[in-house]
Amino acid sequence: MSLRLVPPLPSGTPGDPGLTGPGSMVWRVSRERVVPLGGLSALLLQLAHPLVAAGVAEHSSFRGDPTKRLMLTLEMLLVTMFGDVRQAGEMTQRIANIHRAVHGTLPQDTGGWRRGTHYSATSPELCFWVYATIIETSLNSYSTFVHPLDMTERAEFYRESERWGQLYGVGKDIRPVSYQDFRDRYARTLSGLLADDQARSVARMILRARLRGIPIRPWSYLLAAGLLPAPLRTQYGLRWSAVQRALWWVFTHAVHVVMCRLAPARLRFWDHYRVAVMRCRAAAPDQAPLCPPSRLSSTGTGSAASRG
């Protein structure tokens with residue numbers, strides 16, 4: 001059975017490394033098929049911001065076809081990470097065109113936000129929060145399913161994410177300079193969020209979605225709960241008993257063994273990564289190499305023992 005969930009990436013301009021390129025932490029993390037398993041928790045984190053929840057509830061296609069909307073988000077990330085500069089620019093323009101139509105006012109008081117507060121998908125505040133959830137859940141998902149990342153590696157991923165963050169509206173004026181500053185701001189924002197009725201309603205639709213007609217419950221609930229902060233897990237009504245914790249341990253270790261130790265590279269890594277590597281290797285003969293060949297072919301695997 002094909003593992004393709006999103007359209008393939010065209011070969012692009014030979015030698016163009018895109019926004020980060022081979023050998024980067026962004027490529028190392030984003031090439032893993034298991035990293036998007038953290039996508040459900042990222043969406044629930046985003047929805048916990050009342051202005052994001054209002055925009056999604058009133059403008060997004062989640063209600064009509066939540067799976068299609070999830071796949072568009074996945075496609076957007078893969079093209080931005082592995083496309084050449086032109087492909088990444090075209091994708092961000094496509095998303096920007098969608099976001100320009102998303103604006104309105106908050107229908108009710110929620111936490112620190114008053115009814116009538118204006119929201120816009122292009123506002124710096126909301127752009128930063130969506131960007132921040134993608135950064136943190138990508139790093140946490142990789143650390144959970146592939147191999148733990150230390151603070152230096154996390155900081156490098158954050159530093160490299162600056163270019164694609166700018167494309168999605170997170171400029172230097174709102175993006176913390178250091179990863180530690182970013183984490184501090186992330187924690188402050190998170191502490192003030194509240195999953196309201198709109199957020200819980202949209203979350204239920206997402207968690208009950210079908211993938212190619214196949215129900216993904218109860219695993220969707222487990223995935224969301226496993227990577228969410230405890231307060232939000234409670235607000236969304238996601239159980240986290242000893243049974244769920246045991247299932248989570250079994251699930252994460254099984255995924256690591258199957259995908260990171262047993263699966264061949266063509267199954268383990270996204271096709272977008274393979275296309276990007278071949279594009280970079282196709283540079284003209286007189287063009288300087290983009291990175292040492294060993295970095296291009298490295299799998300960056302870690303043993304089960306090193307995962308702890």
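This is a predicted model: local features need pLDDT of at least 70, side-chain atom pairs count only at pLDDT 80 or more; totals for chains, interfaces and linings use all residues.
I started with E32 and R268, whose side chains form a salt bridge, N to O at 2.7 Å. E32 sits in the loop between α1 (25–30) and α2, while R268 is in helix α14 (residues 265–268), so this pair ties together parts 236 residues apart in sequence. I checked burial too: both E32 and R268 are buried.

Next I looked up R183 and E136, another side-chain salt bridge, at 3.9 Å N to O. R183 belongs to helix α9 (residues 179–191) and E136 to helix α6, so the link spans parts 47 residues apart in sequence. R183 is partly exposed, with a relative accessible area of 31%, but E136 is buried at 7%.

Then a local one: E156 pairs with R159, closest N and O atoms 2.6 Å apart. Both lie in helix α7 (residues 151–160), three residues apart, about one turn of the helix. E156 comes out partly exposed at 27% relative accessibility. My search of the whole structure gave 10 salt bridges.

I moved on to the covered helices. Eight of the nine residues of α2 (residues 39–47) are buried, so the rest of the structure largely encloses this helix. The buried ones include L40, S41 and Q46. Helix α3 (residues 50–59) is mostly covered as well, with eight of its 10 residues buried, among them P50, G55 and A57. What covers those buried residues of α3? I found α2, β2 (118–120), α6 (124–145) and α10 included in the cover.

Last stop, the surface: R204, R208, R210 and R217 gather there in a patch of positive charge. I placed R208 in the loop between α10 (197–207) and β3 (210–211), and R208 is partly exposed at 46% relative accessibility.

Notes
Residues are numbered from 1 along each chain as its sequence is written. Side-chain values use heavy atoms; hydrogens and water are left out. Patches are made of residues with over 30% relative accessible area and no salt bridge: like charges are joined within 9 Å, nonpolar side chains (Val, Leu, Ile, Met, Phe, Trp, Tyr) within 5 Å. Accessible areas come from the Shrake-Rupley method with a 1.4 Å probe; for residues, only the protein chains shown count as cover. A salt bridge is a side-chain nitrogen of Lys or Arg within 4 Å of a carboxyl oxygen of Asp or Glu. Lys and Arg count as positive and Asp and Glu as negative; His and the chain ends are not counted. The place of a charge is taken as NZ of Lys, CZ of Arg, CG of Asp or CD of Glu. Helices (H or I, at least four residues) and strands (E, at least two) are DSSP runs, numbered from the N terminus. Buried means under 20% relative accessible area, exposed over 50%, partly exposed in between (1.4 Å probe, protein chains only). Contact means heavy atoms within 4.5 Å.
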